[in-house]
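Reader: I am new to this structure. Can we go through it in short questions and answers?

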Amino acid sequence: MSKEINIVAKPTKDQVFNAGLGVLELKKAESFNYTIQKMDDVEKTKPSRTNMHASTVAFNKYNSELKKFEEMQTKLLEDYKDLNWAWQLVNNGVDAKQITHNESFTKGIAKMKISGSQAILFPEFLEGGGMVWLEAFDNTKFINAALGKSPRGIFIRAMGTPKIIGVQWKYTDTNGKTVDIPKDTILRFGQKIQLHIYTKGLYGQEIDIQLMNKNMVYSDNKLPALKRENGVSVDLKPGQLEPDMPKNTYFRREVVAAVVDGETILSSSPQGKLKTGKESGKTSVQKAVVNIILDPFWTGSAFANSQEITLYAKIKHDKTEELVSFKCDVVQIKGQAIPDLNIESGNNPLMSGSVETNVAAFQHCRYDKIELKKQSSKGSTIVFDSKDTVQRTKKSLDVEIVAGKKGTCILDFDIKSVECNLKSKHTTKEITVTAIPKDFELKVEPSSKAEHKVEEKKSELVKTESKSTTTSGMIKTNQKEDVPIEKGLVTVRQNQIEFDAFYNYDIPKDGNSILMFIKTMQYFWLPNSLGKTLKIKANIQTCAFKQDVNIAIYPDIKWSLIFGFNVSKDQLTALIPSWDQEKTVSAFEWKDNKFKKKDNETPDQEAERIKKQDIYKKDKESQDKINSKINNKMLDVFKTHQGTPKPKDAAKTTPTKGKISTLVEIMKNVNISLKAQIYEDRNIELTKDFAEKSQASEFYKDIYDKLRWAADMMDGKLDNPKNKGEGDNAINEYLKENELNLRVKHLTEALTRKPQEVEIVYPKFSLGGSWQYETVDGKKHAQLAGRSGLAYNVAFAAKPLIGLEIKWHILDLLCRRHPIAYAVLAAVKTLLAALGDNPDGIKVDMWVKGEINADVKFEGNFLHSDKKLAFKGESHITAGIDITIKIVGKIVMGTYDAIAEVGVGGKGEVGLGQEGTLGVDNEGWFVQTSLIFDGIKLSFEVFAGGKITRNRMKEDGTVESSDVVKKESKIEGEITLLAHTFKSPPFYFKKTTT
């Protein structure tokens, strides 16, 4: 192909032309100059007018050279008088078959005659990074046909200053035209509308749009893009009537040059006309358009929680990090959804762009994919794909392998450098290895021509002996033991890096269990072991892309920790991960401020015991058959003379509630399991050393001591002895003085009982956790393909975490706990006077009871946001007061007793609970609370009765009583009012600009 018509850029001092990439970059929309290669060559022969009049010889020479120049220029203008000019949007690439002449350009190169170049004004509505293609061509001549490649043509782009100008809400009217939505319009759920976002300096860039509901009471609500499949929300879980808030709540759209033929636009928005292709001559502006379905799910409690929505948009772009709110530009949504609403696909949150902003995407000296292959697994992982705009802009690529036993891995680079047009060619020298770990050897094959300057790693990968280690915090040992280590090889070729993946653990296989425990515990919290990670460094360079490649090898160790008390072993073993096939937990007793493992049978002892049990069981079954007939006859005789015997007491079980002192005893018995696995098949049992010799005992002691202190406090052992003594002495003295008074006798029991009763619900506590390095699923997270992060799975349950019921006997408390003896005596006398003949006639009890439950389950990977996390805590507290007043009066008139009895009882109860959920999604950590109001519960009882009894003296001296008149009445009822649950929208721990 002819090079004569290759485009030559003529940049000014503020304009930058990259010849290797073939791109001219302007700071803003402005004029730039260009020419073709042949005209540039001819222009260089044009004589200089300097010193042309210095002499006759100089003047004649100038004229002679000028004539030659003009002849060449005239011929050139004639040769290329039909030259076409392509000036068109690049979008996602330049297709030579689609290149056409732009009508705004004059054919040929006549305009270059005066200055040797031609000027073009770059349009303002294309500022932002999206590119325009300029090329000269003549399809009537094969050598000058359109190519769509550099250096035949060049890319031009202007960056400009990014700005979001404004928005317009539009919809399609009855005539099928896109028009503005009038301000007073009330929209209905299910309608389709559009949000038009006008920008400047953002052509080809992506912006994020968050739809919001303007809330007049609480913070504004996010309205997410809820995607649907066949009309069903993909975020709707089984059994749900409405979906939860999804991880991604925003719409992402690309800013394009959109034709606005006949539409209203913002007057401040830059506009222009494209004079090529099917849209030639039509006005275009820089904007993004979001098609929106007003989703009925937005009315749900997780979103607006309202049937009326005031819709507005928040918009931001990564280039500016500016979040712009358009609260004044709103539309109103109200009322029922459109009948027979059928939303097939819902709102589309993300859409791929159509405007390329990276010139490297069009270079032919390049690599489009980097592929990771592992010997131990089928298939491969694409760790780099040039079609991914994010990966293309990365300066470094991280490839992370989780390994134990030695295996081979290969990184394949599909390098294409044959068509490299740069002067400093680097064919066959694209991959360079710069660092390898200790105990690795570098092998360079002939196809690799690069100079590999490998760094000398000073620190050893592992130590070959173990001694004097205190890693676990409390254990020390001086034992030494050699541990064999693997050696590795890194092989580099023209388009490939092959390397061994393995991990040397420095954990002895046999011998001292303490040494093995210490060495294994070095990896207990894996992020702390990153200093032991193997690292291989390289870089890859072509005209299109240049990136550093960092290869890391992480240990394949897996961890499992189980802890629990007051729960069955089956509940705990269910938390053990699948790699631990034994699924066992060990029982420990808390004694003398440390854990001690309960004695377990050896396998031989267990087999002998089971054998004896089987023999005994067979003998017993045989004897039971013989005894059965005898026992039945004896039972019949026993029933005849003694009656039916009482059933035996049921087997004792752990109580579910009682005193806190009992909980202290329950917590002395726990179940623990700590295990690790390396090399996929070597399990390491660490439970006994972890419980008995590590800092686990210190941690548990702190909890246990606090609980024991709480038990003493609730039992009154920590009460102020001075106040208690004065009150008790005063009461005891009064009772002694009036011991013959029947009324005082009736009060003795009440006055000496404890003024408060405390009962707790014993928690059932279980905790299971497992963690390990895990390779990220590249299909779900394309940006993290080939990487590995710390994966975790934690389950914690305590039901209840705290369960408590406290009852205070108010009058007893007054009598026993008042610090002044005189006031105590006065209170007792007042009480006696009020009670009359019925010492239990007045009762005032105040009580509080409640439970706090905790249920935590979360799993995920620290590298990405695909976390399944639920931290749910429920607390419910109920308080009430019981009041009973019962008065009994008795009148004796001769042989008749008149007894009147009146009772009024009342109870008030109010329940208030709070449920808190701690969660995490793409927006960050959030808290969502629910206030559970049980309502006001009122119960009442009224009793009235009366009778007249006649007393008659019998001959034996006894008195016979008989009711002459008897009548009684009782009314009782219960009312509950205003029960409701109030649920708040999620509150994110995230600062945003409004």
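Reader: In which sense do β12 and strand β20 pair?

Author: This model is predicted. β12 and strand β20 (residues 282-293) are joined over 7 bridges. In this pairing, Y198 stands opposite K287 in β20. The sense of the β12 and β20 pairing is antiparallel.

Reader: Which residue stands opposite Y198 in β12, seen from strand β9?

Author: Strand β9 covers residues 163-172. 7 bridges join β9 to β12, and the two run antiparallel. Opposite Y198 in β12 stands G166.

Reader: How many residues of strand β12 are buried?

Author: β12 spans residues 192-200. The strand is mostly covered. Of its 9 residues, the buried number 7.

Reader: Which residues have the most contacts inside the largest nonpolar core?

Author: In soluble globular proteins, nonpolar side chains tend to be buried together. Here the largest nonpolar core has 76 residues.

Reader: How many residues are in the second, separate core?

Author: I7, L66, F69 and W85 are included in this core. L66 and F69 are also among the buried residues of helix α2. The size of the second core is 38 residues.

Reader: How far does helix α2 reach from its first C-alpha to its last?

Author: Helix α2 runs over residues 56-79, with 24 residues. At 1.5 Å a residue, 34 Å is expected. The reach in the model is close to that, at 35 Å.

Reader: Which helix is included in what covers the buried residues of α2?

Author: The buried residues are Y62, L66, F69, Q73, L76 and L77. What covers them includes residues 37-43, helix α1.

Note on methods
Residues numbered from 1 in each chain as written. Predicted model: local features only at pLDDT ≥ 70, side-chain atom pairs only at ≥ 80, totals over all residues. Heavy atoms only, no water. Core = buried A, V, L, I, M, F, W, Y, C linked by side-chain atoms within 4.5 Å. Buried < 20%, exposed > 50% of the residue type's maximum accessible area, 1.4 Å probe, protein only. Helix = DSSP H or I, 4+ residues; strand = E, 2+ residues; numbered from the N terminus. Expected span 1.5 Å × (residues − 1). Contact = heavy atoms within 4.5 Å. Pairing = 2+ DSSP bridges.
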